[in-house]
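Colleague: I would like to learn how to read a protein model, one feature at a time. Could you walk me through this one?

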Amino acid sequence: MPDDPHKPLRDDVRLLGELLGEVLRAREGQALFDLVEEVRALAKQSRAADAPDLGGLAERLGRMSLDEALPVARAFAHFLTLANIAEQHHRIRRRRAYQATPGSRPQPGSCEERFPALVEGGVAPEQLHQAVCDLRIELVLTAHPTEVVRRTLTQKHHRMAALLARRDRPDLTAAEREETIAALGREIQAAWETDEARHARPTPLDEVKAGLVVFEQSLWDAVPRYVRAVDRALSATTGRGLPLEAAPVRFGSWMGGDRDGHPFVTPEVTERASLLMRWMAADLYLREIEALRGELSMTAASDELRADAGAGAREPYRGVLRRLRDRLRATRDSIGAALDEDAVTWPGAPAHAAGLVTRAEDLRAPLALCLRSLEATGNGALGGGRLTDLLRRVSAFGATLARLDIRQDASRHTETLDAITQALGVGSYAEWDEGARQAFLLRELDTPRPLVPRRLEASPAVADVLATFRMLSRLPEESRGAYVISMASTPSDVLAVQLLQKEAGVTPPARVVPLVETAEALEGAGRMLDALLALEPYRRSIGGRQEVMIGYSDSARDIGRFSAAWALYKTQEELVAACRANGVALTLFHGRGGSVGRGGGPTWLAIQSQPAGSIDGTLRVTEQGEMIQAKFGLVDIAERTLEVYTTATLEKTLVEHHPAPPAWRHLMERLADEAARDYRALVYGSPPFVEYFNAATPVGELASLNIGSRPARRTGDGGVASLRAIPWQFAWTQTRLLLASWLGLERALALASDAGEMATLRTMYRQWPIFRVTIDLMEMVLAKADARIAAHYDRLVPPDLRPLGADLRARLAQAAAGVLEVTGHTVLVEENPVLRRSIDVRNPYVDPINLVQVELLRRVRAGATEEAARDALVVTVNGIAAGLRNTG
């Protein structure tokens with residue numbers, strides 16, 4: 001490795017910047033190039049001088065027309081995207097250099113490093129082996145209401161990353177190196193010539209197709225590579241490898257299944273989403289089977305394989321695989337035909353399923369037969385490559401790539417049951433108390449007769465719910481994931497879904513998962529689960545395991561991120577206790593977003609900071625929007641992400657953690673209560689705050705920018721409570737105040753300082769994972785925030801509200817000072833020099849985009865209706881998101 005490990009990154013960024021400059025000269029002219037360079041110099045001067053009014057930068061941009069300012073903003077946005085691509089590639093380069101250096105220690109967090117460390121720490125090898133085999137981590141991919149980058153641009157970005165990797169090859173000839181650079185230039189030019197703005201809002205099925213790209217382009221190859229790493233480390237540490245049927249990581253999806261507040265996700269959309277995933281799975285498996293047939297040309301075979309291949313087969317492996325190939329081809333074509341029809345006819349239904357691949361076992365059986373035969377004839381080594389990888393894929397992906405969750409709000413099920421009970425003349429379910437509801441539901445669950453009247457006159461909303469359950473009954477069992485109930489607060493919310501599944505004939509039923517997401521719901525979640533598990537018929541029905549989803553976004557919007565972190569921690573403890581008291585295992589499903597304000601952050605830290613007993617070898621986590629590309633978009637980074645999930649979950653499962661002293665918990669409780677009170681007094685108790693928020697951020701414009709299929713608000717009242725948590729975060733991120741991620745912290749730390757408890761907080765920071773992780777994440781947010789840029793947005797605010805903006809920026813400074821006092825740092829994120837440098841390097845490139853965005857918002861609000869102004873706004877949204885490395 002070079003003495004300066006980051007020099008290759010700087011060289012890549014410099015090259016990409018030069019190539020972008022060449023495109024600007026060639027396509028837009030020397031004058032624009034010179035203008036971009038002038039603005040860049042002014043931005044750097046502004047940063048160096050720390051000018052409070054952004055110095056000459058604001059003045060120069062203020063003199064530009066929109067026609068001048070837009071290409072400047074585009075140029076900076078493109079450069080930031082190119083820098084992100086270079087940084088992603090550099091992570092891969094550093095990882096590979098690490099692995100290739102003779103005598104180097106294993107990479108921290110890798111299986112090679114953590115498995116021996118666990119044994120050295122007292123975990124028995126047999127216990128480690130069993131724990132790895134039993135791991136059940138499920139990563140659930142979700143669409144994102146503020147995902148801003150078009151799929152066609154993402155694909156270009158992937159090609160750029162591949163070309164950077166090619167350029168690193170030491171055996172390239174001079175001509176090959178020159179052609180690689182030329183190809184990079186062509187991709188950069190193609191991206192520059194591509195419209196960043198969507199001119200139509202993406203549909204839920206568009207989002208499904210975008211999500212499938214990550215399976216095809218990276219996860220399909222990353223998963224077998226990752227499992228090989230697990231297998232190698234497990235064999236080296238315990239003497240036994242990972243069984244072929246074990247799959248530590250599997251995948252789920254909400255894309256096309258999440259209908260909570262999403263009127264465009266209909267039963268047909270969900271059915272088509274499931275078909276699309278199965279089509280992609282069949283297509284990917286088909287490619288592998290074709291390649292495997294080319295490899296397994298040998299004639300020596302076991303009697304078992306010969307019997308299956310048929311008498312007279314000269315190349316028996318090819319004969320077995322030919323049949324599987326034909327089944328996969330028929331499956332793919334049948335699903336394709338169903339997708340082409342106006343009304344979906346599920347090709348996996350009994351009337352259509354003959355000869356189709358509908359289960360993982362349809363794939364596993366012939367492949368395992370081939371492997372057994374190779375081993376029986378002394379050719380086992382030949383099965384250790386593509387064939388083994390294919391069996392590993394079957395264990396992880398099944399026949400569908402990802403199981404599809406359904407999500408719906410509890411009130412929709414209540415409305416449906418109310419319509420049924422009123423039609424039956426037995427009263428109004430909606431008006432019954434909880435005891436009456438439970439009695440009715442348990443009685444009907446135990447009754448074989450149908451409940452729903454044959455000619456029920458239903459409202460469109462009720463008809464949609466009933467149609468969704470009928471659709472669920474048609475999906476193959478292996479396509480069905482969980483049924484997640486938003487705003488679940490009572491046992492009857494869960495029993496209602498069980499009954500509606502029974503009525504629709506969903507067999508076996510999908511597991512029912514209550515989602516607790518608001519601060520109020522978190523507080524009552526333990527009691528709700530205890531009451532649910534106390535119902536013996538319900539407890540018998542769940543097979544000894546209960547899954548509960550906890551939402552990070554809404555609770556942070558309700559009481560602030562600092563207080564929500566503590567509320568979530570306590571809720572998990574209560575859920576663990578409720579399950580233990582009732583003899584039931586618990587799986588926690590973490591609804592985490594990409595931004596810190598929505599529960600995001602480094603995977604290892606997030607898992608290690610969970611309460612004892614909350615991760616017992618099982619974990620479900622959402623991966624959202626732009627974070628899917630960041631974590632899984634490239635094969636090597638996807639492999640690393642999967643490995644870290646594995647080792648972090650394993651360590652949290654196997655290593656005993658000591659409880660925090662009661663005094664720490666009492667102090668945390670006081671600080672969280674005070675922070676929540678202060679947060680709510682401002683956000684919900686001060687009418688001017690809502691007016692300021694709507695004026696100073698682009699929240700009102702986000703809904704019209706076609707950057708997600710889902711409505712930004714649940715209702716149209718314009719308040720914070722009606723706004724979805726994601727655009728709430730996104731809007732503050734765009735202004736660089738990032739208020740939604742830290743507000744409340746400044747009050748908590750000031751209270752501790754005034755009470756003389758800073759020394760205790762410093763000890764907590766050093767020794768208590770939940771507190772350290774919360775503070776570290778807030779420190780990262782505060783390092784990215786910029787009061788000077790946020791102040792510039794006050795130009796959009798009525799004069800009488802500007803003092804409120806000044807107060808918020810003062811709170812930002814107070815939060816930063818408090819964090820520095822707790823951590824003992826002299827500057828924010830000083831212990832992460834790579835991040836510190838990345839922020840410092842990016843700021844001069846993000847600043848001009850923010851200033852252009854302010855001017856665009858002013859124009860749009862002044863009545864500019866031309867599409868060009870809104871398209872330009874998308875450019876700035878993209879650029880700021882790229883510069884800060886997240887959206888909402």
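**Reading loops, strands and a barrel**

Modeller: Gladly! P508 is found in the loop between α18 (491-504) and β5 (512-516). Helices (H or I, at least four residues) and strands (E, at least two) are DSSP runs, numbered from the N terminus. This is a predicted model, where local features need pLDDT of at least 70 and side-chain atom pairs count only at pLDDT 80 or more, while totals for chains, interfaces and linings use all residues. Residues are numbered from 1 along each chain as its sequence is written, and side-chain values use heavy atoms, with hydrogens and water left out.

Colleague: What is the peptide bond from T507 to P508 like, cis or trans?

Modeller: Here is the general idea: most peptide bonds are trans, and most residues other than glycine have a negative phi. The bond from T507 to P508 is cis, with omega near -15°.

Colleague: Is L401 buried or exposed?

Modeller: Buried means under 20% relative accessible area, exposed over 50%, and partly exposed in between (1.4 Å probe, protein chains only). L401 is buried because its relative accessible area is 1%. V829, with 6%, is buried too.

Colleague: How do strands pair, and what do they form here?

Modeller: Strands of a sheet pair through backbone hydrogen bonds, either parallel or antiparallel. Two strands count as paired if DSSP finds at least two bridges between them. In this model, eight strands make a closed barrel, β1-β2-β3-β4-β5-β6-β7-β8, with parallel pairing. On average, neighbouring strands of this sheet are turned by 25° against each other, direction ignored. For angles, axes are lines fitted to C-alpha atoms, for helices over the stretch in contact, and angles run from 0 to 180 degrees between N-to-C directions.

Colleague: Which elements of the sheet does helix α10 touch?

Modeller: Contact means heavy atoms within 4.5 Å. Helix α10 (residues 267-295) packs on the sheet and touches β2 (249-253) and β3 (403-409), and its direction makes about 160° with that of β3.

Colleague: What does Q408 touch?

Modeller: Q408 is found in strand β3. Leaving aside residues up to four places away in sequence, the contacts of Q408 include R259, D260, H413 and D464. Q408 is buried, since its relative accessible area is 3%.
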